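This report goes through one chain, beginning with a single residue and ending with the chain as a whole. Please keep the structure open while reading.

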Amino acid sequence: MFEQRYATREDLDAAMRLGCGYPMGPLALLDLIGLDTAYEILESMYRQSRNRLHAPVPLLKQMITAGLLGRKSGRGFYTYEGPDSPVVVDSAPGVAPVDPGEVRAVRAVGVIGTGTMATGIAEVFAKRGYDVVLRARTTEKAEAAVARIAKSVNRAVSKGKLSESDGAAALARTAPVAGFDALSGVDLVVEAVAEDLAVKQEVFAALDAVAKPGAILATTTSSLPVIECAAATERPGDVVGLHFFNPAPVMKLVEVVRTVATAPDVVATAHAVCAAIGKHPVHCGDRAGFIVNALLFPYLNDAVKMLEAHYAQAADIDIAMKVGCGLPMGPFELLDVVGLDVSLAIQRTLFNEFREEGFAPAPLLEHLVTAGRLGRKTGKGFADYTAQ
């Protein structure tokens with residue numbers, strides 16, 4: 001990924017820190033371990049597995065040859081004050097820079113959908129002063145979605161995280177609607193419907209017919225090609241991916257996904273809007289999994305394969321990754337939270353795009369989904385939650 005300039009090193013590291021709660025990003029971790037040490041470990045894994053996903057990438061060898069070993073040499077993916085120093089001197093903290101371009105004015109935002117992600121995104125925008133139009137298939141569903149937003153806002157007020165007046169103002173700025181025509185005046189539309197390409201394309205075709213010229217059309221897809229949504233419109237340059245993380249009011253990360261057709265000012269505007277609502281935008285190209293899921297789900301899939309091979313018990317693997325790597329959750333805990341059906345769909349998307357043998361979904365994951373054991377939402381997944 002780094003070799004292909006798919007995303008900057010800062011965006012890769014920030015994505016995994018903010019999207020997964022990792023204590024540090026993968027490139028910073030490689031610098032800490034030492035690139036030569038990491039290379040030897042990967043070489044050993046590859047010799048045993050013959051899985052190309054474990055083979056060290058050529059860039060590692062090139063950097064080692066050049067003496068760029070990470071912190072121990074003072075230079076690796078980052079440059080440090082000196083050998084063995086943890087202080088980075090060539091990378092300023094904060095949001096990664098965006099190519100200059102005129103930023104479009106965004107004052108009113110449309111959100112399409114009534115699920116947890118849609119209501120969370122609408123709440124975020126409303127609390128930051130944007131006028132929000134929440135569109136559902138029926139007025140009743142739209143009003144019910146706004147009622148859920150009100151419940152969340154009132155909970156924030158009761159906890160002292162939001163003033164009563166600010167909460168009331170946010171709700172007053174949120175309008176439930178049932179038709180697409182009500183979105184004709186918004187500057188940005190965020191689609192957050194089911195993770196089904198045909199459904200999303202139908203939505204984008206409808207938006208293309210009503211959205212005003214210059215309006216930005218965004219999808220929150222976590223794994224589908226953004227360009228496929230753009231192809232359903234006559235304005236592909238105005239289409240961008242805005243992958244929020246759940247729960248949207250809490251999680252800081254947003255992956256800004258540019259397609260081959262996305263206009264530079266659309267990317268710049270998406271970046272500016274994310275910063276304005278208190279999020280940390282990272283930029284990446286339009287490929288399966290974007291940054292976080294492309295790195296996270298092969299790791300989760302490998303954990304399932306490890307369990308299948310009776311290499312270790314699920315609880316021991318979870319404890320090892322939490323204690324050994326400082327992760328907030330082990331792989332099986334996380335799979336149960338995400339949902340095994342959602343995880344399987346993402347893993348299939350990765351495999352279908354890259355055709356790497358190592359990306360093939362673990363059979364145990366498929367069997368559990370077939371059996372209806374989807375994780376916490378059904379009460380059983382890798383663990384049994386019914387007795388808790």
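## His-310

In this predicted model, His-310 has a relative accessibility of 71%, and because exposed means over 50%, this residue counts as exposed. His-310 is placed in the loop between α11 and α12, the latter formed by residues 314-325. The residue comes just after α11.

The backbone at His-310 has a phi near 60°, which is a positive value in a residue other than glycine. Most residues other than glycine have a negative phi.

## Helix α11

Helix α11 covers residues 292-308, which makes 17 residues. From its first C-alpha to its last it reaches 24 Å, close to the 24 Å expected at 1.5 Å a residue.

Which residues of α11 are buried? They are Val-292, Asn-293, Ala-294, Leu-296, Phe-297, Pro-298, Leu-300, Asn-301, Ala-303, Val-304 and Leu-307. An α-helix has 3.6 residues a turn, so residues three or four places apart point the same way.

Asp-84 is another residue other than glycine with a positive phi, here near 70°. Asp-84 sits in the loop between α4 (58-65) and β1 (108-112). Is Asp-84 buried or exposed? Its relative accessibility is 61%, so Asp-84 counts as exposed.

The peptide bond that joins Asn-246 and Pro-247 is cis, with omega at about 0°. Most peptide bonds are trans. Pro-247 belongs to the loop between β6 (239-244) and β7 (253-258).

## The chain as a whole

The chain contains 15 helices and eight strands. Its radius of gyration is 22 Å, close to the 21 Å given by the globule rule for 388 residues, so the chain is as compact as a globular protein of that length. The C-alpha trace spans about 60 × 55 × 45 Å along its principal axes.

How much of the chain counts as buried? The figure is 48% of the 388 residues. Among contacts in the chain with a separation of 6 or more, 65% are between residues 24 or more positions apart.

## Surface and charge

The accessible surface of the chain is about 18,100 Å². Carbon and sulfur atoms account for 55% of this surface.

There are 38 positive and 44 negative side chains in the chain. The centres of these two sets lie 4 Å apart.

Conventions
Residues are numbered from 1 along each chain as its sequence is written. This is a predicted model: local features need pLDDT of at least 70, side-chain atom pairs count only at pLDDT 80 or more; totals for chains, interfaces and linings use all residues. Side-chain values use heavy atoms; hydrogens and water are left out. Helices (H or I, at least four residues) and strands (E, at least two) are DSSP runs, numbered from the N terminus. The radius of gyration is taken over C-alpha atoms; the globule rule is 2.2 Å times the number of residues to the power 0.38. Buried means under 20% relative accessible area, exposed over 50%, partly exposed in between (1.4 Å probe, protein chains only). Contact means heavy atoms within 4.5 Å. Accessible areas come from the Shrake-Rupley method with a 1.4 Å probe; for residues, only the protein chains shown count as cover. Lys and Arg count as positive and Asp and Glu as negative; His and the chain ends are not counted. The place of a charge is taken as NZ of Lys, CZ of Arg, CG of Asp or CD of Glu. The expected span of a helix is 1.5 Å times one less than its number of residues.
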